[in-house]
Amino acid sequence: MSAELAALFQLPPEQAARYLEAKGYALTWDWWEMVRGAHARAVTVAKVARLDILQDIRSAVETALQEGRTERWFRGELEEVLRKKGWWGQQLDADGRPYQAGSPRRLQTIYRTNLQSAYMAGRQRQFDIERDRAPYVQYLAVRNSSTRPAHAALHGKVFRLDDPAWDVVAPPNGFNCRCRARNLSQRELDARGLKVEGDARIEARQAPDAPPGLDLRRGVSVPDPEGGRRTLWVDSGWDANPGRSAPWVDIELWSRVRATLPDELAAQALREHALHPARLAAYDDWVDARLAQGGARGLEWVIGYLGAADVAALTERGGVVANGSIVLGDRLLVGPKARRHESAGNALSADEWKAVPRLLAEPEAVLYDTINKTLLYVLPSQDGRKAKVVIEGGRIERKRAAYESVRTAFKVQASDLRSRQYEVLRGSL
């Protein structure tokens, strides 16, 4: 491992370890299936189609991050295990086509890519927490003969943390990317004589020969010293900030689990995933960050999954279910609807929002709204009222997987729920 990478991972922030532990699993065949912000949401390795092998790799990655293990340790820890399980060397896929399974080079890429994504996600969380003190971020490349020209061109560039361009160029920007970033205050900016990219524009270009899903490559256009503009391109599929990625891999995970496991086992697997202590801790951090950000930014989190009984009840009554994953958007915490509930005195508190994923697994009752054709999860609240969490099924957005969304959530009196409009599916009021 290079000295630069060793130094980068010597003291990983606590958030990075928590982030990595909370990541899900994603089984992919071709590497381009795992694009955009997906590496930020799941540990994945292309050509791995068995959960036990992915578990071995994930455990080694987590240990490497938490204990500061070297790349040499990582390879030694995994090579013998993967050889015994038959995931090593040249192999043939189901169609008889050759592919490379485990190898020293692949283990190097797995180690660097997953740790770098986790580390930079942890750093981004720190940046967002310290936004008021240090609202700027500087891209830092490792400048040597191995550095990709596009990454070297980004070195030293300074962006505002709230500039959408930063979410395109934030590292890592490709497999084996060693780039990093640091946040800066106005005083630090002035002391170093640095200039903020105030006119950065997100650009896109077609790449017709690229793999599926990667035919649109993105970058950031900035002014150059000669008065023109220069576009700084990111590697295909890596134009997402790992610390701010949407939860679409969690949705894909649920789809794969439902497609491959019996209902009972699928429900058990997804429950364990949703209620993993590290994942819940990461969600608590997410809630704190969203409540502090001052306005909705379109950020989301998968807070749970519809059980088989609720899926069946909704579809039997004419409702639409996408795949059972329940997505919470930050607009319900800090958007206009949140402000209306705050004014009405029935908004959920920060602690109540944090409790939602835990309580969704064991609600006091689940109701069906016969007018709006939605599910209502009834949860306890801290002041004796009931938290009413409304789930809308089958939400579809352009170019994104369909999912179930939290339509609204606020507190009501139990008597308000005793209406002919609501049918009790399970539990009691």
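Reply: **Salt bridges, pair by pair**

Glu 364 has a relative accessible area of 30%, so it counts as partly exposed (buried is under 20%, exposed over 50%, partly exposed in between, using a 1.4 Å probe and protein chains only). The model is predicted: local features need pLDDT of at least 70, side-chain atom pairs count only at pLDDT 80 or more, and totals for chains, interfaces and linings use all residues. Residues are numbered from 1 along each chain as its sequence is written, and side-chain values use heavy atoms, leaving out hydrogens and water.

Glu 364 forms a salt bridge with Lys 386, with 2.8 Å between the closest N and O atoms (the criterion is a Lys or Arg side-chain nitrogen within 4 Å of an Asp or Glu carboxyl oxygen). Glu 364 is in the loop between α15 and β13 (365–369), and Lys 386 is in strand β15 (residues 386–395), so the pair ties together parts 22 residues apart in sequence. Helices (H or I, at least four residues) and strands (E, at least two) are DSSP runs, numbered from the N terminus. Lys 386 is at 19% relative accessibility, so it counts as buried.

Next, Lys 354 and Asp 288. Their side chains meet in a salt bridge at 2.9 Å, N to O. Lys 354 belongs to helix α15 (residues 350–360) and Asp 288 to helix α11 (residues 277–292), so this bridge ties together parts that are 66 residues apart in sequence. Lys 354 is buried, at a relative accessible area of 17%. Asp 288 is partly exposed, at 37%.

Then Asp 199 and Arg 229. These side chains also form a salt bridge, 2.8 Å from N to O. The pair links distant parts of the chain, 30 residues apart: Asp 199 is in the loop between α8 (186–192) and β8 (201–206), Arg 229 in strand β10 (residues 229–233). Asp 199 counts as partly exposed at 34% relative accessibility. Arg 229 is partly exposed too, at 31%.

Salt bridges also form a network here. It links Glu 352, Asp 383, Arg 385 and Lys 411. The structure holds 15 salt bridges in total. As background, side chains of opposite charge can pair when their charged atoms come close.
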